[in-house]
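Hi,

Here is the structure I promised to pass on.

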Amino acid sequence: MRMDPQELLSLCKRRGFLWPAYDIYGSVAGLYDYGPLGAALKNNIEDHWRRLYVQGEGFQEISCPIVAPEPVFKASGHVDAFSDMYVECTKCGETFRADHLAAGLHANPASLGEDELGKMLRESGVLCPECGGGLTAPKRFNLMFKTSIGAGRGKTAYLRPETAQGMFVNFSQVYRYGREKLPVGAVQIGRAFRNEISPRQGLIRLRELNMMEAELFVHPEDKSWPKFRDVRAEVVPLVPNKGPPSSVALEEAVKAGVIRNEVLAYFMWLTYKFALDIGLDPKRLRFRQHESTEMAHYASDCWDLEAEIGYGWTELVGVADRGCFDVKAHLDHSGADLTSFERYDEPREVEMEVVKPNFGALGPLFKDKSKLIAEALSKLPAEAAKDQDKVTVDVEGEALVVPSSCYEVSKRKEKVSGRKLVPHVIEPSYGVDRLLFSLLDHVYSKKDEYIVLRLKGLVAPIKVGVFPLMARDGLGEIATSIFDSLVKAGIAAYYDDSGSIGRRYARMDEIGTPCCVTVDYDTKSDGTVTVRDRDSAEQVRVKKEEVAEVVKALISGASFESLRSPQD
RNA sequence: GCGGCUGUAGUCUAGCGGUUAGGACUGAAGCUUCCCAAGCUUUAAGCCCGGGUUCAAAUCCCGGCAGCCGCACCA
């Protein structure tokens, strides 16, 4: 049974995971604050992701500005594709996508401006499909937050709607830093902004969100991946866009063409591993392949990792093969050489025909324009000039006729040592907030009004609670010194000496603290303390000097049972 | 953005035109040799915001904001 998200949000607010942002001014939909526990949990999730991608797979972590000038998003397609035109019915108030209503009237209605589209709808007498009422003029709504850089009119800019573009535009730097090899990858963890029309559902649809994105630049013709061999037998739950859901080995899925290539399959596996590592429930996870109609303008294959939570199946991660779309777009718009150079094993001798300017004839005829004409001539394809008695070249907008006496077409041998390639991009894109919220949903458990978050030690915001059984008789001093030693060992610990011991355990259980250490009267005589396991509520006694070591073992996954000595 | 429902301490809730707005849990201080939200004492904290109707508004009306559900949207 799915849980009531309201209940979870209530806990989050009560215990300091999440607060609606700007609450005292009435809040803004789609903006949340992370409280102390939420911020810690978020950091822990991000740190683990970093371990997998940066340390484990060798991606370069970079950090780019959130504000970007307009041309970046012109190139990426966001200025145009990220905005929609709406019309409203003046009678029933229903809203419609203007370009959808114009389907059939124009080959590509989405490419038209507001005025053109409005005129077309009006002249064709298009009415409200619901009630037949009149329609307003189209209004454009762009999901990016617009701003400007600098004073006065400034420079039009936008808050980034994804962190990806920062990595695409830095391809050359990343490629160079990576010693000019493919594949090479970059990652970025940071904020992105989307001015959603109607934010809903807690952290699921936010206006300011946290993303962890990886962009892997690969050879366009080679999407194999050496480490794929290590995981080829692994099974992940797949829901392909054709055929029934299946859980098959990755190798089989790639062979059958269900998953398009090895790299994609590998990073789907890594994504699945990450999800399990942080503690999401495998029974409530699946990879769903985008329908071909749903696929974004850039993607050639895309799989979403979805989790089943109180709101239903929810997309947490998208793993997409974006082809060459992004890099090509920035290459075309900026003119920068965003290519990788593939060196041939042996340099090749290539014989080619070239147009060679004859300066002796050019000079007297064209005077100071000769140099520019010569450059233009060299760029001409040989076929265009061969066996002609004249050619026309374009020099600074002027069409000039150049007689064949001014050039000759000759064969030239050239050594070609490689070729330039526009890399393809494999993009795993993670929504931090959604991951965090889904994780809380999956670890939430309640029995007779007693709430326990079964967070793994890896991500738990607080790793251990430290309590004196009584705040007297010197127990407090011993507990404080244990607390200090834990802090010194770099473990997030929480000291509490107020209220009954049961209440203190309950407080820690409710925020997912994996274990608690209690100093009691025996501690004074034999130097041992109890360590309590959150999920079983069982206890073992350990020497107080060993507490830090034991806690470290527990939070890195050791079973509670393994703490028991044989004689226990 | 449209339609429906909703808004009382940190949380859950009582209230139905005139109440010092009541309770429970939580929080804080303390008592109780106290290992699983025990008990007792003390204490803090609330009518989403703004207009209107009325002698009088948490309560009725309007607008805003926020939440939930449906539609649309989610590149």
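First, a term for what comes next: a polar contact here is a pair of N or O atoms within 3.5 Å; within protein, one must be able to donate a hydrogen and the other to accept it, and residues adjacent in sequence count only if both atoms are side-chain atoms. By that rule, the side chains of tyrosine 450 and aspartate 509 make a polar contact at 2.6 Å.

Some housekeeping: this is a predicted model, where local features need pLDDT of at least 70, side-chain atom pairs count only at pLDDT 80 or more, and totals for chains, interfaces and linings use all residues. Residues are numbered from 1 along each chain as its sequence is written, chains are lettered from A and ligands numbered from 1 in the order in which they are written, and side-chain values use heavy atoms, with hydrogens and water left out.

Back to tyrosine 450, which sits in strand 23 (helices, H or I with at least four residues, and strands, E with at least two, are DSSP runs numbered from the N terminus). Tyrosine 450 counts as partly exposed because its relative accessibility is 36% (buried is under 20% relative accessible area, exposed over 50%, partly exposed in between, with a 1.4 Å probe and protein chains only). Leaving aside residues up to four places away in sequence, tyrosine 450 touches Ser445, Tyr505, Ala506, Asp509 and Arg532, where contact means heavy atoms within 4.5 Å.

Of the atoms of RNA strand B that come within 4 Å of the protein, 53% belong to sugar and phosphate. Which helix gives the most to this surface? Helix 18 does, with seven residues. By class, the surface splits into 18 nonpolar, 15 polar and 14 charged residues (Ala, Val, Leu, Ile, Met, Phe, Trp, Tyr, Cys and Pro count as nonpolar, Asp, Glu, Lys and Arg as charged, and the others, Gly among them, as polar).

- a phosphate oxygen, 2.7 Å from a side-chain N or O atom of arginine 472
- a phosphate oxygen, 3.4 Å from a polar backbone atom of glutamine 201
- a base nitrogen, 3.4 Å from a side-chain N or O atom of threonine 530

Most residues other than glycine have a negative phi, and most peptide bonds are trans. Leucine 182 and proline 183, however, are joined by a cis peptide bond, with omega about -5°. Arginine 179 has a positive phi near 60° and lies in the loop between helix 8 and strand 10. Aspartate 473 also has a positive phi, about 60°, and is found in the loop between strand 24 (464–468) and helix 17 (475–488).

Cheers

Key:
A residue is near a molecule or strand if one of its heavy atoms lies within 4 Å of it.
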